[in-house]
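Hello,

Here is the structure I promised to pass on to you. Have a look at it first, and then read my notes below.

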Amino acid sequence: MRSVAVIGGALAGLSAARALRDQGFQGRLTVIGAEPHQPYDRPPLSKNFLLGTIGTADLALAEESDLAELEAEWLLGQSASHLSPGLGSVELADGRRLRCDGVVLATGATPRSLPGAEFLAGVHVLRTLDDAIGLRADLVEGSPRVVVVGAGFIGAEVAATCAALGLHVTIVEAAPLPLAPVLGREMAAHCLGLHADHGVRLICGAGVTALLGQGRVTGVELSDGRRLQADVVVVGIGVRPNTGWLAGSGLDLDNGVSCDAGGVTRVPTVVAVGDVANLGGRRVEHWTNAAEQPAVAVANLLAGRTVHTGRAAPYFWSDQYGVRIQFAGHTRPGDQVRIAEGEPGSRSFLAIYERDGQAVAALALNRAKPFTRVRRSLSGLPEVVSVTRGS
């Protein structure tokens, strides 16, 4: 394999580029990124960056010297418009066509928004650095009333940041109890209790049916008829994988790019990594997956077939109101939950999920060290890809 194109310049794309060089690939490497920025860290966008305690330079995922060592051509501010695996080419939005023997798809995902949001100032999603810059500018203009739509981790983190800024915050969530499908009802309730602890109002079981205002948002209308005043609305209702440009490529597209457990698509010269990859029916949208999974996919790309698979237990974390929430594993209805350390009411505890007497998942609030020990013991530890960097 003489040339590889990595489509996507965020964490997963950078991780893939590093893995290619670490695993001995010495050919032409091109990284195509739709954003104009060098790879940066997204988790701080909803926290320290919004607070203003760190700046753009603090987000960099790699030093300039580290990027130079990759000996890659970076085409930033460019998006891919079509993939032709049979011809070994990628077409860019500006009409250029790149020849490549292998392709790593790392195009990530795009936040979902609400109808009419594009016509109203003050309505935001949060995914990119530019999103965060625009949102921060609105949050520091006076003392805006903030409505966060969606009580997932992005919405919860934004709400916590807004509360730290001294703003009036309301979270609106359509589900009766968000996070329950993953954490179970009891543990989800303890995590959601953080909002009330810090004076943030949480409304569950009601969706947003309309955004109010002309030119700029003034409020939201809920499915139960209530209207909430808002100067800023942040929409955190999930994402959709960026696969539209792959129509007609011959790849299977189903909630992402369909691939096997090793990230290999139906075309062996094309692998998918990060948020856009649907690995055997599961798409994982967390930082750890984007950082670790590309090493496996790249090994398979270079081998021309699936020789490694990832078996890591899903892991994610969230920082809210000074509390670190960590979770790893898979839960199912009926799993037994045991408090191994601490007290849930104190917002500092370690919970173990058990099935047939075996630990299958763990949740911790401000219990990082014991959580790490339990996480290592969970089934599904990652397969180690043993490689030697080429000279």
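**Cysteines**

The sulfur of Cys-204 lies 13 Å from the closest cysteine sulfur, that of Cys-191, which is too far for a bond. A disulfide here is a pair of cysteine sulfur atoms within 2.5 Å, and the structure holds 0 of them. Cys-259 is in no disulfide either, as its nearest cysteine sulfur, in Cys-100, is 17 Å away.

Before going on, a word on how the values were made. This is a predicted model, in which local features need pLDDT of at least 70 and side-chain atom pairs count only at pLDDT 80 or more, while totals for chains, interfaces and linings use all residues. Residues are numbered from 1 along each chain as its sequence is written, and side-chain values use heavy atoms, with hydrogens and water left out.

How covered are these two cysteines? Cys-204 is partly exposed, with a relative accessible area of 28%, whereas Cys-259 counts as buried at 9%. (Buried means under 20% relative accessible area, exposed over 50%, and partly exposed in between, with a 1.4 Å probe and protein chains only.)

**The whole chain**

The protein chain has 9 helices and 26 strands; these are DSSP runs numbered from the N terminus, with helices (H or I) of at least four residues and strands (E) of at least two. For 391 residues, a compact globule would have a radius of gyration near 21 Å, and the 22 Å of this chain agrees with that. The radius is taken over C-alpha atoms, and the globule rule is 2.2 Å times the number of residues to the power 0.38. Along the principal axes, the C-alpha atoms fill a box of roughly 60 × 55 × 40 Å.

Buried residues make up 51% of the 391. Counting contacts (heavy atoms within 4.5 Å) between residues at least 6 apart in sequence, 61% join residues at least 24 apart.

**One buried valine**

Which strand holds Val-233? Val-233 sits in strand E16, which covers residues 232-235, and it counts as buried at 0% relative accessibility. Beyond its neighbours within four places in sequence, Val-233 is in contact with Gly-122, Val-123, His-124, Val-147, Val-149, Leu-211, Val-217 and Val-220. Leu-212 is 21 residues from Val-233 along the chain, and their C-alpha atoms are separated by 10 Å.

Best wishes
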